[in-house]
Amino acid sequence: MPEIAVIVLSALLFALGGYGAMARKNPLQMFMAIEMMWNAVNLVFIYFAHRFGDVGGQIFVFVVITVAAAEVAIGLGTVVLAFRGREHLDLDELDSLKG
Amino acid sequence: MQTWYVYAILLLPLVGFVLNALFGARLGRAAGWLGTAAVLASFVVSALAFLTGLGGHPASLQTTWFTWVAAGGVAIPFGTLLDPVSLVWALVITGVGGLIHVYSNGYMAEDEGLPRFFAYLNLFVFAMLLLVLASNFLILLIGWAGVGLASYLLIGFWYTRPSAVIAARKAFVVNVVGDLGIMIALFLLIANLGTVTFSGVFGAIAAHHLSPTVIEWTAAMLYLGAMAKSAQFPLHTWLPDAMEGPTPVSALIHAATMVTAGVYLLVRAYPIFHAASIVSGIVLDIGTFTAIFAAVIALTQNDIKRVLAYSTLSQLGYMFMAVGAGLYAAGVFHFLMHAFFKALLFLGAGAVIHAVGGEQDMRKMGGLRKAMPITYLTFLVATLAISGIPPFAGFFSKDMILGELLRSGHTVEWVVGVVTAGLTALYMMRLLYLTFFGEYRGDAHPHEVGPVFTIPLAVLAVLSVVGGFLAIPGGWDVLSRYLGPVLGTYPGGVTSAAVSAPDWGSEVISVAFALGGIALADAMYRRKVLAPSRLRLAFPLFYRLAAHKFYVDEAYDAVVVRPALWLGRVLGDRVDTGIVDGAVRAIATGTVEVGTFFDRLQAGSVRRYTLTLLTGTLLVIAFLALR
């Protein structure tokens, strides 16, 4: 696979994720979008680790996955707590901290 | 002399103060005797120090308790100095003070604030002892401010009386002016010498390490302090008002001890004042003016305590005449005699006030001679003593000052002093006649006071009779010899003793003036051949001026108080609310405005935050890429 294809694929995935994070009101869907952005980056890491024969990139991917898992655990917990007793999963309803 | 003397003298009254302050309410009347015992014990130790020190060479005992301030090159010890000069003062403070404490047990017996009163009195005695026992100017200043505080507390002792509270505040404010002077003097000494210990400063002056200008300014600032504390014109106005305090306070603080702190300071710092001839001249002139000025006012007052207050001013004038002319031993001598007879006068006046039910107006007294024979007799002794009739105490001390003034060529001051001596006799005999002679004009039932009153009166009366024999013109001069080692350490201290010039001219003239004053008072107030109103009508303007105390208070009101109030109002209403508050409010409003503007960024929409974040990231990337 040519190098450019990987980069373009990764960029598309990242942009798609970014769009999803902004366009969705549902926090679960936003999480999924953000997850997609993580993995777009991971893809680039893995490709270049392979390309340059440097395992550092692969190790970094493990770190990213670990952090992402932690983030999801905390994030989902927060979402469950924040939306307990609400009818819709709509992030725009959470604005009590605005200035 | 042994070191423990100074610890005991200084700390016993402090212990009395602490005990009375903490447990006085539970002790009740016993609090008075506790406070009295503390001061009397201190007196016993002082007397012991005096007796053991006088036998051989009167040594000076310098003790460093600990280093109090150590900053850079300046180290100021917390130190005490017990030498003949401070011992004379310590003896008066604890001795006369002890008698006044005894007397207060009777005078304040029915006052429920008695424990508080004695706590304050003990605090005063401690502060005053600290003042006279200090071995450097900084410790002296602590005592100086301490006696000011005690004076404030005691003048305002009856704090439910508005006049007492106002008088206390006035005394405090005027005294702080003086404290400021001493602080400036301290700064001058530290800046120029790096030391404030007496020995260090005086040694440097003797060795000509200070420029004459600095010496003059230091002396002037020290004199400013002395002027406020010793109520010299024009800072005298607080002392007559201070009579709002209980009478024992007037006797102890505003006659015998605290107001003489200024004299002490000038005697203690005599090497400075000897080197500062301009300031010494001013001290002499202001002292002379205060002496006659206060004596004239005293003639016109009707409140018994106010007459005595102006009399104190006048006598302090004599003391400052002495120290201003370099007659330090004579100044100390007059301080000592004055402490005896003026404390006696105040305690006598207190007994009278007590007997006639709190009345202080002499026009409502009279005829008390028969009702109060002991008080009358002691009061008569004190009156003769202050009038300068031989052989009572005042004759020797006042005439030592006057004689020395004449012989050292201060003729004008001498004339004023002699006239003042005549006026002194006149106003004191007026007081005596109005109070003790004629018919009783009040409506109480005067009675002789008890032994708690009369014993201190009797002791002070004896001292007022025999005290003067410490120095006899043409005879011996025990006091100058005793003070000699201190006053002889540096140049300018030792004055020609009374022994050296047995010249009777001055003495004869001043006694003649005193007798003239007595004769005039006798004609006006006893035989009534010369009505006081005729004199009043003969000099209407002058009488008006004197009766209104020469409008000094009114002048202060116009020159200081009202401009200060005006300035305060302008600063408060215009500058503070307008400019300062305006600036603060502008900052607050501005902050809110800015906050409201940026508030829009925090709309609470997570998706918009994400967009902002992404935009920012893209901008950074673009910036890095295009750089």
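This is a predicted model: local features need pLDDT of at least 70, side-chain atom pairs count only at pLDDT 80 or more; totals for chains, interfaces and linings use all residues.

Biologist: What share of chain B is buried?

Modeller: Of its 627 residues, 52% count as buried. Take the contacts between residues at least 6 apart in sequence: 80% of them join residues at least 24 apart.

Biologist: Now the core. Which residues touch the most other members of the largest nonpolar core?

Modeller: Phe124(B), Leu129(B), Val332(B) and Ala343(B) do, in a core of 209 residues. Helix 15 of chain B gives the largest share of this core, 20 residues.

Biologist: Pick Leu129(B). What is it in contact with, leaving aside neighbours within four places in sequence?

Modeller: Leu129(B) is in contact with Ile9(B), Leu10(B), Pro13(B), Ala90(B) and Ile93(B).

Biologist: Back to helix 15 of chain B. How does it cross helix 17 of chain B?

Modeller: The axes of helix 15 (residues 328-355) and helix 17 (residues 373-387) of chain B come within 9 Å and cross at roughly 145°. The crossing is left-handed.

Biologist: Which residues meet there?

Modeller: On helix 15 of chain B, they include Phe341(B), Leu344(B) and Gly348(B). On helix 17 of chain B, they include Thr375(B), Phe379(B) and Ala382(B). By class, the contact of these two helices has nine nonpolar, three polar and no charged residues.

Biologist: And helix 17 of chain B against helix 19 of chain B: what is the angle there?

Modeller: Roughly 165°, with the axes within 9 Å. Helix 19 of chain B covers residues 411-436. Over 145° counts as roughly antiparallel, so helix 17 and helix 19 of chain B are roughly antiparallel to each other. This crossing is left-handed.

Biologist: Who meets whom in that pair?

Modeller: Tyr376(B), Phe379(B), Leu380(B), Thr383(B), Ile386(B) and Ser387(B) come from helix 17 of chain B. They meet Thr424(B), Ala425(B), Met428(B), Met429(B), Leu432(B) and Phe436(B) in helix 19 of chain B. The contact of helix 17 with helix 19 of chain B has nine nonpolar, three polar and no charged residues.

Biologist: What about Ala231(B): buried or exposed?

Modeller: Ala231(B) is buried, because 30 other C-beta atoms lie within 10 Å and 20 or more is the cut-off. Ala231(B) has a positive phi of about 55° although it is not a glycine. Its place is in the loop between helix 8 and helix 9 of chain B.

Biologist: And His208(B): buried or exposed?

Modeller: His208(B) is exposed, with 10 other C-beta atoms within 10 Å. Its phi is near 60°, a positive value in a residue other than glycine. His208(B) sits in the loop between helix 7 (198-206) and helix 8 of chain B.

Biologist: Last one. Where is Tyr556(B)?

Modeller: Tyr556(B) is in helix 25 (residues 552-599) of chain B. Leaving aside neighbours within four places in sequence, Tyr556(B) is in contact with Thr237(B) and Val561(B).

How values were computed:
Residues are numbered from 1 along each chain as its sequence is written. Chains are lettered from A and ligands numbered from 1 in the order in which they are written. Axes are lines fitted to C-alpha atoms, for helices over the stretch in contact, and angles run from 0 to 180 degrees between N-to-C directions. Helices (H or I, at least four residues) and strands (E, at least two) are DSSP runs, numbered from the N terminus. A crossing is left-handed if the near helix is turned anticlockwise from the far one by less than a right angle, and right-handed if clockwise. Two residues are in contact if their C-beta atoms, placed from the backbone, lie within 7 Å. Ala, Val, Leu, Ile, Met, Phe, Trp, Tyr, Cys and Pro count as nonpolar, Asp, Glu, Lys and Arg as charged, and the others, Gly among them, as polar. Angles under 35 degrees count as roughly parallel, over 145 as roughly antiparallel, 65 to 115 as roughly perpendicular and the rest as oblique. A nonpolar core is a set of buried Ala, Val, Leu, Ile, Met, Phe, Trp, Tyr and Cys residues joined through C-beta atoms within 7 Å. A residue is buried if 20 or more other C-beta atoms lie within 10 Å of its own, exposed if 12 or fewer, and partly exposed in between; C-beta atoms are placed from the backbone.
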